[in-house]
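Student: Could you show me how to read helices and charged pairs in a model like this one?
Tutor: Gladly; let us look together.

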Amino acid sequence: MVNTLKFLKETVLPILAFSKPYVTKVIEEKVIPAAKTWIYTSLQKKKDKAVSRLLVLAAKYKNETDETKKKAHKIGLDLGVEALEAIGKSMVDAAQKIKSEL
């Protein structure tokens with residue numbers, strides 16, 4: 001058992017040492033850009049969905065004739081806009097903090 005582990009270690013270590021530059025290159029050139037793209041796309045989709053919902057609510061607000069419903073739509077719009085602003089500000093603050101740490 002000990003000989004088998006020693007043999008595996010002696011066999012695998014040179015392979016890992018040889019392949020490390022290639023693996024590092026693949027990670028830097030393929031994996032990291034793909035992860036950045038995925039994160040950006042995911043955030044962009046969520047932002048687009050939130051903005052789209054607010055635009056639909058804004059259209060309802062503009063076209064509503066019932067004052068009670070119009071007030072309810074206005075409250076929803078105000079809350080939605082405040083939420084978007086708060087999320088945007090917190091993301092900018094977080095990005096600035098991370099940059100300052102680098």
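Tutor: What follows is a short talk about a helix and its salt bridges. This is a predicted model, where local features need pLDDT of at least 70, side-chain atom pairs count only at pLDDT 80 or more, and totals for chains, interfaces and linings use all residues. Residues are numbered from 1 along each chain as its sequence is written, and side-chain values use heavy atoms, with hydrogens and water left out.

Student: How many residues does helix α2 have?
Tutor: Helices are DSSP runs of H or I with at least four residues, numbered from the N terminus. Helix α2 covers residues 67–101, which is 35 residues, and reaches 51 Å from first to last C-alpha. That is close to the expected 51 Å, the expected span being 1.5 Å times one less than the number of residues.

Student: Which residues in α2 are buried?
Tutor: Buried means under 20% relative accessible area, exposed over 50%, and partly exposed in between (1.4 Å probe, protein chains only). Lys 70, His 73, Leu 77 and Gly 80 are buried in α2.

Student: How many salt bridges does the structure hold?
Tutor: Side chains of opposite charge can pair when their charged atoms come close. A salt bridge needs a side-chain nitrogen of Lys or Arg within 4 Å of a carboxyl oxygen of Asp or Glu. The structure holds four, including Asp 78 with Lys 74 at 2.9 Å and Asp 93 with Lys 89, also at 2.9 Å.

Student: Where do Asp 93 and Lys 89 lie?
Tutor: Both are in helix α2, four residues apart, about one turn. Asp 93 is partly exposed at 36%, while Lys 89 is exposed at 53%.

Definitions and conventions
Helix = DSSP H or I, 4+ residues; strand = E, 2+ residues; numbered from the N terminus.
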